[in-house]
Structure formats: structure tokens, C-alpha cells
Amino acid sequence: KESWEALGPLLESIAAKVDGVPCVTHIGPDGAGHFVKMVHNGIEYADMQVIGEAYQLLRFGAGMEPAEIADVFAEWNRGDLDSYLIEITAEVLRQVDAETGKPLVDVILDAAGQKGTGRWTVKEALDLGVPVTGIGEAVFARALSSSLDQRKAAQGNLPTGALKTFQELNLDKERFVEDVRRALYASKLVAYSQGFDEIKAGSDEYGWGVDPRDLATIWRGGCIIRAKFLNRIVEAYDNDPALPALLLDPYFKGELGDLIDSWREVVIVATQLGLPVPVFSSSLSYYDSLRAERLPAAIIQGQRDFFGAHTYRRIDKEGTFHTQWSGDRSEIES
């Protein structure tokens with residue numbers, strides 16, 4: 001804190017600014033800033049992966065060429081998805097390789113590297129017991145992409161089932177492009193919500209007192225995940241600093257209500273086409289799990305009690321219980 005008081009004015013003077021507000025602040029005690037930066041990068045992994053999944057669907061599902069998809073991303077960047085990563089994706093897709101004359105994206109080896117912050121985000125989330133499924137699947141997708149020997153061995157050697165083509169599904173291309181945009185936006189919201197959940201859990205665990213409003217404010221400029229909709233996140237936590245989950249903010253609930261049907265449709269179509277969309281699909285499963293009245297965890301607890309006497313709680317009374325499975329199967333309170 002003392003260092004911030006001394007250096008803060010200097011840092012604020014050179015930091016990126018949005019609406020006149022510097023995109024820098026004191027996050028918290030020792031370790032807090034590093035933790036927040038780590039999760040920022042984890043969200044970035046998910047953000048990049050959902051963009052990649054959208055590209056995959058448009059290119060190998062709808063059969064669009066990179067230059068055409070670049071125009072789509074440029075158009076998306078004028079709306080809710082306005083962000084640095086959407087902007088540069090359009091630029092990458094427009095680039096032509098000078099040596100071959102092909103789209104550059106077609107000559108780049110499809111094996112994604114990583115420096116480690118995404119993995120650290122997932123590891124820490126596991127330790128804290130926070131589900132960051134979107135970020136996790138993005139990390140695993142990079143790992144799988146780099147498993148070149150396995151992928152080569154599997155190509156053409158694994159059964160596919162009865163896949164369909166885009167034409168056989170009789171899909172309207174313009175409608176499909178819009179559905180993909182909506183699925184991307186919904187999955188992106190889940191990634192941010194999960195990231196903020198992890199930051200809150202870390203802050204609670206280590207006593208940092210991190211304010212989520214500060215993070216959404218400073219991430220609006222000068223960083224890889226800067227995006228227009230971060231202003232909405234600031235408003236969400238301004239309206240309710242104790243918001244249980246970002247997805248439960250009234251604005252984002254309204255957005256999800258508009259996105260959900262397209263999101264489901266895109267995951268279904270991707271499955272029918274045989275195209276992998278690990279973050280689109282896992283984010284949808286997370287969303288459905290979050291809103292479900294009952295989850296299969298009840299049967300898991302029953303199994304755990306059966307083989308390991310790990311006990312369970314009941315929905316109708318307080319306490320912890322165990323069924324004597326190897327005896328008369330009566331229930332005892334433990």
C-alpha cells in the first residue's frame with residue numbers, strides 16, 4: 001500500500017485511460033495483483049478459444065473463406081462483442097501469406113502454445129473448489145492441439161457416427177452466423193463470470209479484500225481482454241457488490257435470455273457436424289448446472305457413502321448421515 005501511495009500518481013499518468021479513468025489501481029496486499037493478473041490471463045484463454053470455435057464453425061461448418069469471416073468479425077466488433085481480441089482476429093484472417101498466396105491462417109500450424117498462466121488459473125481454481133470449466137476447457141484445447149502425434153494417429157482412424165453436412169442440415173448461412181455470434185457472447189459471459197468467482201474465492205481465502213468493480217474498470221483499456229461490455233460488469237457490481245454470480249445480474253440475465261436458444265442450437269449443430277466446440281458446450285453445461293433444481297451429485301454422495309462411509313446430508317433435516325450398507329441398511333446420524 002505504501003508503494004502504491006508513492007508510485008500510484010506516476011502509474012496513473014502513464015496508464016491507458018477509458019472515459020478519463022486510468023486503467024491501473026491498487027488491487028490489494030502482497031500477492032493479490034499477481035493472482036488477479038493470473039485469472040485475467042485465464043479468462044483470456046477462454047476468450048481466445050471461443051473466438052477460435054466460432055471461426056471453426058464458420059470455416060468448416062458453413063464453408064466460409066477467411067476473408068469473408070474477417071468481415072463477419074469486423075461487423076461483430078461494432079456491437080456487443082466490441083473488443084481487442086475480436087478486432088485483431090479480423091486482421092489475422094485478412095492476412096495473406098506472401099510466400100504461398102494462401103490465407104496466413106491456413107499455413108500456421110494449428111498447435112497452440114501457452115506460457116502457463118491458464119494452467120495456473122485452473123490449478124488454483126481446483127484448490128479453491130471453484131468451477132472454471134470454460135477456462136479449463138480452453139487450456140485443455142491448447143494441450144490437445146499440441147498433441148500432434150496423437151492427432152495424426154487418430155485422423156481417419158476413429159469412427160464418426162452419422163455426421164451431417166451444413167447443406168444436409170438445411171441451415172440458413174446468415175442465420176447460422178448470427179447464432180454463432182450469440183453462442184460466442186454467451187460463452188464469453190460464462191468465462192468472465194467464472195473468472196470473477198475465482199478472484200472472489202481467492203480474495204476470501206487470503207484476506208485480500210479485492211473489489212470486482214476495480215477489476216472491471218481497469219480491464220477496460222490497456223489489456224488483452226479489454227472489451228466494451230466490461231462497462232456492464234462495472235455497473236453490475238455497482239448495483240450489487242455482493243452479487244452471487246455475474247450471470248445473475250439483471251442485465252446479463254436479460255442478455256442470456258436472448259442468447260440461450262441460439263447457444264443451444266449451435267452446440268447441437270456442431271455435434272451434428274462433428275466439429276469440436278469444447279468451451280461453447282462446457283459453458284452451456286455449466287449454465288444448465290447452475291440453474292438446475294437438482295444435480296446428479298445426490299447419487300455420487302450415495303455411492304461415496306456406500307464404498308467409503310463418507311456420509312451425506314439430507315434435504316429434509318439437519319445433520320450428517322450414513323446408511324449401514326453392509327448391515328441392515330438402517331440410517332444413522334454420524
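This is a predicted model: local features need pLDDT of at least 70, side-chain atom pairs count only at pLDDT 80 or more; totals for chains, interfaces and linings use all residues.
1. Overall make-up. The chain holds 14 helices and four strands, and its C-alpha trace spans about 75 × 65 × 40 Å along the principal axes. Of its 334 residues, 43% are buried. The accessible surface of the chain comes to about 18,300 Å², and carbon and sulfur atoms account for 52% of that area. Among contacts between residues at least 6 apart in sequence, 63% join residues that lie at least 24 apart.

2. Two domains. The chain is divided into domain 1, which covers 1–291, and domain 2, which covers 297–333. Taken over C-alpha atoms, the centres of domain 1 and domain 2 are separated by 40 Å.

3. Gly 308 belongs to helix H14, which runs over residues 297–308. With a relative accessibility of 31%, Gly 308 counts as partly exposed, because that value lies between the 20% limit for buried residues and the 50% limit for exposed ones. The C-alpha atom of Gly 308 is 40 Å from that of Leu 148, a residue 160 places away along the chain.

4. Helix H11 and its cover. In helix H11, residues 230–239, the buried residues are Leu 230, Ile 233, Val 234, Ala 236 and Tyr 237. Seen down the axis of H11, these buried residues fall within an arc of 160°, so they line one face of the helix. The elements that cover them include helix H9 (173–206), helix H10 (212–218) and helix H12 (250–273).

5. The nonpolar core. The largest nonpolar core has 87 residues, and those touching the most other members are Trp 76, Trp 219, Ile 233, Trp 263 and Phe 280. Ile 233 is also one of the buried residues of H11. If residues up to four places away in sequence are not counted, Ile 233 touches Tyr 192, Phe 196, Ala 216, Leu 246 and Phe 252.

6. A buried lysine. Lys 188 is placed in helix H9, and with a relative accessible area of 3% this lysine is buried. Residues up to four places away in sequence being left out, Lys 188 touches Asp 47, Leu 81, Ser 83, Ala 227 and Phe 229.

7. A tryptophan in the opening helix of the numbering. Trp 4 is found in helix H1, residues 2–14, and at 18% relative accessibility Trp 4 counts as buried, since the limit is under 20%. Leaving aside neighbours within four places in sequence, Trp 4 is in contact with Pro 9, Leu 11, Glu 12, Val 24, Thr 25 and His 26. The C-alpha atoms of Trp 4 and Gln 303, which are 299 residues apart along the chain, are separated by 52 Å.

8. The cysteines. A disulfide is a covalent bond between the sulfur atoms of two cysteines. The count of disulfides in this model comes to zero. The cysteine sulfur closest to that of Cys 23 belongs to Cys 223 and lies 7.4 Å away, which is too far for a bond, because a disulfide requires the two sulfur atoms to be within 2.5 Å. Cys 223 is likewise in no disulfide, its nearest cysteine sulfur being that of Cys 23. Cys 23 counts as buried at 13% relative accessibility, and Cys 223 is buried with a relative accessible area of 14%.

Terms used:
Residues are numbered from 1 along each chain as its sequence is written. Side-chain values use heavy atoms; hydrogens and water are left out. Buried means under 20% relative accessible area, exposed over 50%, partly exposed in between (1.4 Å probe, protein chains only). Domain bounds come from an automatic or database domain assignment. Helices (H or I, at least four residues) and strands (E, at least two) are DSSP runs, numbered from the N terminus. The arc is that of the directions from the helix axis to the C-beta atoms. Contact means heavy atoms within 4.5 Å. A nonpolar core is a set of buried Ala, Val, Leu, Ile, Met, Phe, Trp, Tyr and Cys residues joined through side-chain atoms within 4.5 Å. Accessible areas come from the Shrake-Rupley method with a 1.4 Å probe; for residues, only the protein chains shown count as cover.
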